[in-house]
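Please look over the sequence and the structure before reading on.

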Amino acid sequence: MGKGGGCVPSKNRASITVSDPDPDHPPPPQEKKSAAQSHNPPGEIARNLRIFIVYYSMYGHIELLAKRIKRGVDSVDGVEGVLFKVPETLPPKTLEQMKVPAKDDSVPVIEVEKMVEADGFLFGFPTRYGSMAAQMKSFFDSTIDLWKDQRLAGIPAGLFVSTGTQGGGQETTALTAVSLLAHHGMVYVPIGYTFGSEMTNIDTIRGGSPYGAGVLSGDGSRPPSSTELHLAHHQGKYMATLLKRSLPRS
């Protein structure tokens, strides 16, 4: 795929697995009190705020970040993360030749019209030559009817990425995607340096930038590090917290 081509095909490819300890030690699952319930006008159906985590993942790196981001979103009371995949555009034979592992069938494919149900978005994708993969770009191209009526205008949105190398597009992949959010009128929410000292720690190799969480995949076989996963968790929690704060106070 070339330098910065995201996930580079390897002869001995296997689906990535990684132990995933939760840095925040969440309490046991329990029924959430809906944030919307405290602020919605009488008679309006109360529900949790929903952040759609919409992603394309070829070899599993972005999928792992997406699932950790969801945990971060879900850790905020009254907000829930909902995972969606975008449609694959490559034929099965090509995917087989590229040794692409099977996708997670439990995650549904997003439908364009369903996007209007989201209160926020986090979009994730690997890089292709410093910008988003064609599969994600194809999905955005299919949202033209939403664009014409500006039905996504004002909705906050963040980005997370995967690249093959440190100089392969950790920032440019996110930066070039901002133009798509701008045309839809969505409000881009970067994470800045809110992750603390890990954002300036150069002792270890990691993906991620002020633009959003990220992972370095190397030849495609490198799994996300604990720092990269913690950053993804932080991004989900950060976005959920901002979204909840945007509600009018009772």
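A residue is called buried when its relative accessible area is under 20%, and exposed when that area is over 50%. The model described here is predicted. Of the 250 residues of its chain, 48% count as buried.

**Overall layout**

- The chain contains seven helices and seven strands.
- Followed along the sequence, these elements give the pattern α-β-α-β-α-β-β-α-α-β-α-β-β-α.
- Among contacts between residues at least 6 apart in sequence, 78% join residues at least 24 apart.

**Strand 1 and its neighbours**

- Six of the seven residues of strand 1 are buried, so this strand is largely enclosed by the rest of the structure.
- Strand 1 and strand 2 run parallel and are joined by seven bridges; in this pairing, Leu49 stands opposite Val79 of strand 2.
- Together with helix 2, these two strands form a right-handed β-α-β unit.
- Strand 1 also runs parallel to strand 3, to which five bridges join it; here Val54 stands opposite Phe123 of strand 3.

**Nonpolar cores**

- In soluble globular proteins, nonpolar side chains tend to be buried together.
- The largest nonpolar core of this model has 32 residues, and Phe121, Phe123 and Met186 have the most contacts inside it.
- Two or more residues of this core come from each of strand 1 (49–55), strand 3 (120–128), helix 4 (134–141), strand 5 (156–163) and helix 6 (172–184).
- Helix 6 gives the most, with four residues.
- Apart from this core lies another of 27 residues, which includes Ile53, Ile62, Val73 and Leu229.
- Leaving aside residues up to four places away in sequence, Phe123 touches Val54, Met115, Phe140, Ala157, Gly158, Leu159, Phe160, Leu181 and Met186.

**Aromatic pairs**

- A pair of aromatic rings is described by the distance of the centres and the angle of the planes.
- The count of aromatic pairs in the model comes to five.
- The ring centres of Phe52 and Phe121 are 6.1 Å apart and the planes stand at 85 degrees, so this pair is edge-to-face.
- Because Phe52 lies in strand 1 and Phe121 in strand 3, the pair ties together parts that are 69 residues apart in sequence.
- Phe52 counts as buried because its relative accessibility is 1%, and Phe121 counts as buried because its relative accessibility is 0%.
- Phe139 and Phe140 form an edge-to-face pair, with 6.2 Å from centre to centre and 65 degrees between the planes; both Phe139 and Phe140 are buried.
- Ring pairs link Phe52, Phe84, Phe121, Phe123, Phe139 and Phe140 into a cluster.

**Helix 7**

- Helix 7 comprises 20 residues (226–245) and reaches 28 Å from its first C-alpha to its last, close to the 28 Å expected at 1.5 Å a residue.
- The buried residues of helix 7 are Thr227, Glu228, Leu229, Leu231, Ala232, His233, His234, Gln235, Gly236, Met239, Ala240 and Leu243.
- These buried residues pack against strand 1, helix 2 (61–74), strand 2 (79–85), strand 3, strand 5 and strand 7 (214–216).

Note on methods. Residues numbered from 1 in each chain as written. Predicted model: local features only at pLDDT ≥ 70, side-chain atom pairs only at ≥ 80, totals over all residues. Heavy atoms only, no water. Core = buried A, V, L, I, M, F, W, Y, C linked by side-chain atoms within 4.5 Å. Buried < 20%, exposed > 50% of the residue type's maximum accessible area, 1.4 Å probe, protein only. Contact = heavy atoms within 4.5 Å. Expected span 1.5 Å × (residues − 1). Phe/Tyr/Trp six-rings, centres within 6.5 Å; stacked < 30°, edge-to-face > 60°. Pairing = 2+ DSSP bridges. Right-handed = clockwise from strand over helix to strand, strands pointing away.
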